[in-house]
Structures are given as C-alpha cells and as structure tokens.
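I opened this entry to record what I looked up, beginning with a ligand site and moving on to the fold.

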Amino acid sequence: MKVYKFGGASVKDAESIRNVVRVLKHEGFENTLIIISAMGKMTNAFEKVVHAYYHKSEDLRAEIEVVRDFHIDLVENLFEEKQPILVEIELLFGQLSGFLAKNKTTDYNFIYDQVVGYGELLSTKIISSYLNIAGITNNWIDVRDFIKTDSTYRNASVNWQQTCDNIKTLDTHNLYITQGFLGSNSKSKSTTLGREGSDYSAAIFAFCLNAESVTIWKDVDGVLNADPRYFEKTILLKQISYSEAIEMAFYGASVIHPKTLKPLENKKIPLNVRSFYNLENNGSTVSKGQHLSPEIPCFILKREQILVSISALDFSFMVEHNLSDIFRILHDCKLKVNLIQNSALSFSVCLEDKFNNFDAFLLKITPKYNVTFVNNVSLYTIRHANQNAINLVEKKGTVLLKQATKGTVQLIMQ
Ligand SMILES: Nc1ncnc2c1ncn2[C@@H]1O[C@H](COP(=O)(O)OP(=O)(O)O)[C@@H](O)[C@H]1O
Ligand SMILES: N[C@@H](CC(=O)OP(=O)(O)O)C(=O)O
C-alpha cells in the first residue's frame with residue numbers, strides 16, 4: 001500500500017482540490033491511503049476560535065463565521081450539486097457548537113484539541129465527497145478510530161500497539177481518505193500530534209501498514225537546499241539519507257515534520273517529497289544508505305528567536321549547579337533551546353517562545369542572575385558548510401554569535 005499526504009497548501013482552495021484529482025489520476029490511486037490536513041491556514045483560524053472561546057471574547061461568533069464562510073464558499077466553487085456536502089458541513093459545525101456550549105473544563109489544551117481538529121474533519125469530508133463525484137471512489141475514515149494516543153493534549157504520544165492493531169484491520173485494496181494531525185485517547189477524546197503533524201500521521205499509517213512508500217505533495221519541487229522564501233537559487237536535493245533528513249528537520253527545516261522520519265527509517269520505507277504542480281519531476285527521495293545528492297551546503301533558517309545571555313550576580317563562574325538551575329526554569333517555562341554557548345562567566349542560549357512564556361521566564365530568572373537579551377534574531381544552520389556558504393549568510397546582517405561543529409555551522413544574526 002502507498003501513503004500520500006496532502007498538506008494545507010495543496011488543498012487551500014477549489015482550484016487546488018481540482019489539482020488533487022489531476023495528481024491522483026496521473027499517479028494512480030489504487031491501494032492508497034491519503035492523509036489530508038486542514039485547508040490552507042484553517043488551523044490558524046480555528047486557533048482564533050479557541051482563543052476567543054477561552055477568553056469569553058465577543059469575537060467568538062465572528063471567528064466561527066470566518067471558518068464556516070471559508071468552507072461554504074469553497075463548496076460553492078467546487079461542487080455543482082452542493083446540498084449533500086452542505087448538510088455534512090452543517091453537521092460538523094453543529095457538533096462544534098454543541099461542544100462549545102456544553103464544555104465545562106478550563107483546560108486550554110483540551111479545548112484546543114476538541115476544536116482545531118474540525119479543520120481536518122471538514123477538509124477530508126469535502127475532498128472525499130468531491131473525489132467520489134470525480135470518479136475516484138474512496139472510503140472516508142475517522143482517524144480517531146485508528147491513531148490512539150495518551151492524553152497529552154496538543155502534543156500527544158502515540159500508543160503504537162493499539163494504533164497498529166487498529167490500522168491492520170484496514171483492507172489494503174481500498175482507497176482511504178483520512179485526517180492528518182489528529183488522534184484520540186482512551187476516553188475517545190480528540191488529541192493532536194503537534195502543529196504540522198500530518199506528515200507524522202502519514203508515517204504512522206505507513207509504519208503500521210508496512211507501506212511501500214510515503215509521498216508528501218508540496219508546492220515546491222521537493223526538499224531544497226534552503227527555504228525558497230528566504231534564499232535565492234535554491235537547488236533540489238534528489239537523494240537524502242534518513243539521518244541527513246533527521247538532522248535537517250531537527251535544525252528546523254520545516255518541509256518535513258521532525259517526528260516523521262524515525263518510523264519510516266525503522267521500516268526502511270522511502271519518503272518521497274514531490275511537487276503537486278510539476279508531476280514530471282521525481283522530487284526528493286529520503287531512503288536508506290543514500291548519500292546526499294547533490295552534496296552541497298544546506299541552509300536552515302529559524303526566525304523569531306531570542307538570544308539570551310545569563311551570568312551570575314556575583315560574577316562567579318557559570319558551572320553545573322547554576323546551569324542546571326537555568327535549565328529547570330527554561331523547562332518549566334516550556335522555552336525551546338535551539339543553541340547553547342558557554343564561557344566562564346556567561347551562558348548564552350537561543351530560544352524559541354512558542355507559548356508566550358518569555359516574560360514569565362524573566363520574572364523567574366532575573367532575581368537570581370544578570371540577564372540581557374536580544375529579541376527577534378534569526379538562527380541560521382548550515383549543513384555541509386563551506387566558506388562561500390558562511391559568507392552568504394554573514395551578508396544577511398550582523399553576526400551576534402557563531403558556532404561550528406564538524407560540517408555544521410550555526411550563526412545567530414540580527
Ligand atoms: N528545505 C526546504 N525545501 C523546500 N521547501 C522548504 C524548505 N524549507 C522550508 N520550505 C518551505 O516549506 C513550504 C511547504 O511547506 P508547507 O507550506 O508547510 O506545506 P504543507 O501545508 O503542504 O504542509 C514551501 O513552500 C517552502 O517555502
Ligand atoms: N493542519 C495542521 C496539521 C498539518 O500538518 O498541517 P500542514 O500539513 O498544512 O502543515 C497544522 O496546520 O498544524
């Protein structure tokens with residue numbers, strides 16, 4: 001069986017969904033399981049619904065209307081006979097309203113997971129129905145009946161045994177359409193696997209099905225040696241080893257979700273990253289034992305970082321006991337550390353503040369240490385670095401910090 005994944009960019013409007021039909025008819029869709037994300041930026045829009053609901057904002061109704069109107073407009077553009085799918089959409093919005101009306105808990109992460117998943121439920125209902133009309137007969141399945149997780153809302157861990165037992169009941173001769181990003185816990189409550197987690201969903205199904213391959217369909221030709229939004233003249237990486245791809249994802253290459261690669265590597269399932277526009281191009285293949293081809297410097301950019309320098313109030317050395325204290329506070333504040341540099345008297349970290357906890361961090365740390373920080377810096381990682389590649393990055397601004405390990409150079413730039 002093959003597993004395909006269509007992300008938000010590939011289903012962002014009616015035209016893109018027609019293109020999915022073109023892709024499937026060109027590539028074939030026998031014995032395939034298709035994972036689909038929420039359309040375009042709908043997960044962000046659902047996050048606004050959660051925010052408005054949680055804060056009892058008067059914007060709640062308007063935020064729900066944004067997502068409702070988006071899907072209804074899309075259906076108006078896509079379908080000739082709209083009535084059956086409109087009924088399905090109303091049903092889903094009815095369920096959502098029911099949850100919002102009845103919910104008693106104040107657990108933000110729980111509420112988040114019960115709400116944002118409607119993006120994937122809506123997109124798969126609409127696309128499954130459109131594919132059936134376009135002659136691509138398929139079975140819509142609810143991924144929450146298959147991927148079972150713990151109850152860590154917004155970052156759930158997969159129960160592999162139960163998940164594989166469920167997935168193995170699928171008939172591998174069918175074409176299935178299901179949701180990325182979602183799972184459910186032992187109480188059948190929705191959970192999510194972390195933002196951009198649909199690639200991981202594809203890897204989970206592939207692992208449990210012993211799939212022959214996974215293909216992620218993208219708006220770029222494959223994995224490039226840099227993000228084309230920020231670098232000119234990017235080059236397609238045709239072959240990548242799992243370990244190289246894991247390193248790239250770890251440093252922040254957003255083209256593949258970091259958790260995706262390990263399950264595939266364990267079963268030696270190749271991962272193809274291909275363009276949904278340019279079907280003649282074979283794209284990139286991540287597989288076992290491949291050398292990076294072409295072997296060129298690869299650039300990974302993480303924006304909106306904070307560079308923090310910390311030293312002891314009494315100018316004593318920064319050694320184990322204060323470092324462990326600082327890490328405990330970082331961990332408590334859920335700040336992600338992307339780079340560390342230590343000297344005798346000061347300790348620098350490059351941080352990512354996903355959950356807006358930096359002010360809380362400052363409150364905890366400033367009574368104990370001298371702290372200075374620079375907001376909104378960029379972290380560049382160069383794999384297979386050479387001097388030309390370093391020069392290229394250094395031209396982009398002022399270097400605040402530079403660190404080199406074998407073949408990998410990291411620069412914090414302002
Ligand atoms: N190394 C890279 N190679 C290719 N694309 C990259 C890379 N790094 C970042 N990107 C960006 O990833 C985008 C595709 O990912 P994304 O928009 O999240 O797709 P989807 O919604 O389908 O998951 C590309 O348009 C590109 O700007
Ligand atoms: N819709 C989810 C899951 C996902 O993976 O989306 P995408 O494939 O568009 O990155 C998100 O935006 O986080």
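I began with the polar contacts of ligand 2 and found one of its oxygen atoms 2.7 Å from a polar backbone atom of glutamate 196. I then noted how much of the ligand is covered: taken alone, ligand 2 exposes 340 Å², and the protein buries 88% of that. I kept in mind that this is a predicted model.

I looked next at side-chain partners. An oxygen atom of ligand 2 lies 2.6 Å from an N or O atom in the side chain of arginine 195. For the side chain of serine 37, I recorded 2.8 Å between one of its N or O atoms and an oxygen atom of ligand 2.

I found an open sheet of eight strands with mixed pairing, in the order 3-4-2-1-7-9-10-8. Strand 3 (139–140) and strand 8 (239–241) are its edge strands, each pairing on one side only. I followed strand 8 to its partner: it runs parallel to strand 10 (residues 284–287), with three bridges between them. Within strand 10, serine 287 stands opposite serine 241.

Finally, I consulted the annotation. An unreviewed UniProt entry lists residues 2–274 as "domain: Aspartate/glutamate/uridylate kinase". Over residues 2–274 I read 47% helix and 13% strand, with the end C-alpha atoms 14 Å apart.

Methods:
Residues numbered from 1 in each chain as written. Chains lettered and ligands numbered in written order. Predicted model: local features only at pLDDT ≥ 70, side-chain atom pairs only at ≥ 80, totals over all residues. Heavy atoms only, no water. UniProt positions renumbered as here; feature names shortened; annotations may be inferred. Helix = DSSP H or I, 4+ residues; strand = E, 2+ residues; numbered from the N terminus. Polar contact = N/O pair within 3.5 Å; in protein donor to acceptor, adjacent residues only side chain to side chain. Areas by Shrake-Rupley, 256 points an atom, 1.4 Å probe, with all protein chains shown as cover. Pairing = 2+ DSSP bridges.
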